[in-house]
Amino acid sequence: MKLFPSDSPLTLSIERIEEKALEHGGEHATTKLYDLRFEQNDRIISQFSSSVQLSFLMKEPNDNQKIYYWNIQQSEWIGIGGKIENKWITAETDHFTIFSVFDEKELSQASDHDKQVEHKTDANEQPSTDQKKDKMDKEVIGMEQGKLTTDDSKKEQSLPNTATSMYNWLVIGGITLLFGIGALLFRRLKRN
């Protein structure tokens, strides 16, 4: 059984996604969000001819947790189930996209809350069908280009503050070393 169209090199990409990057993101996820994809001959392979097994390690597993994938067209999380064994949850899928683990009850409650909020908004505030289609097209294009944000007006995501004083100490050490070498050379020249 062959999963991929050719024997050329295949690359598996696993990218961790921030919850904020998705419109109805993974704020209720019990694991991190991961964008999974295979690339072969500069093509992204997202559908497989047979299923592959997907597993997540969980901190505190419970029977309500299942693996879900993000459906771009419907802008919602779709469950694929999962069997829990030794803090690992495993399920099979025939495609790759964004995956995570959710507690079914929490996700259902969050979804019900979102629907109530949407229902209460004014009909005038609802985007038109064309606006929804444009937004969905932008999401799909963004996914193909490796970007997940669809709104250009969203602030740029900044890098975490991980700076250390290591380079300062390297520079100070280098200057001290040069000063020492200079003093040594000066003393030798003075003797001769």
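With a relative accessibility of 49%, Glu-85 is classed as partly exposed, because exposed residues must have over 50%. This value, like the others in this report, comes from a predicted model. Lys-83 has a relative accessible area of 57% and is exposed.

Lys-83 and Glu-85 form a salt bridge, in which the closest N and O atoms are 3.9 Å apart. That distance qualifies because the rule asks for a side-chain nitrogen of Lys or Arg within 4 Å of a carboxyl oxygen of Asp or Glu.

## A buried pair

By this rule the structure has two salt bridges. One of them joins the side chains of Arg-37 and Asp-35, with an N to O distance of 2.8 Å. Arg-37 and Asp-35 are both buried, whereas Lys-83 is exposed. In general, side chains of opposite charge can pair when their charged atoms come close.

## A sheet of three strands

Strands E4, E8 and E7 form an open sheet, in the order E4-E8-E7, with antiparallel pairing. The edges are strand E4, residues 47-57, and strand E7, residues 83-85. Each edge strand has a single partner, so one of its sides has no neighbour in the sheet. On average, neighbouring strands of this sheet are turned by 25° against each other, direction ignored.

Strand E8 covers residues 88-95 and runs antiparallel to E7, to which three bridges join it. Ile-84 has Ile-89, in E8, as its bridge partner. As a general point, strands of a sheet pair through backbone hydrogen bonds, either parallel or antiparallel.

Ser-100 belongs to strand E9, which spans residues 98-103. Its relative accessibility is 0%, so Ser-100 counts as buried. The side chain of Ser-100 reaches the backbone oxygen of Lys-32 at a distance of 3.1 Å.

Neighbours within four places in sequence are left aside in the contact list of Ser-100. The residues it touches include Ala-29, Thr-31, Lys-32 and Leu-33. Also among them are Phe-56, Lys-66, Ile-67, Tyr-68 and Trp-77.

## Helix H3

Helix H3 runs from residue 166 to residue 191 and has 26 residues.

How many of the 26 residues of H3 are buried? The number is zero, so the helix lies largely in the open. Ser-100 in strand E9, by contrast, is buried.

Technical notes
Residues numbered from 1 in each chain as written. Predicted model: local features only at pLDDT ≥ 70, side-chain atom pairs only at ≥ 80, totals over all residues. Heavy atoms only, no water. Buried < 20%, exposed > 50% of the residue type's maximum accessible area, 1.4 Å probe, protein only. Pairing = 2+ DSSP bridges. Helix = DSSP H or I, 4+ residues; strand = E, 2+ residues; numbered from the N terminus. Axes fitted to C-alpha atoms, helices over the stretch in contact; angles between N-to-C directions. Polar contact = N/O pair within 3.5 Å; in protein donor to acceptor, adjacent residues only side chain to side chain. Contact = heavy atoms within 4.5 Å. Expected span 1.5 Å × (residues − 1).
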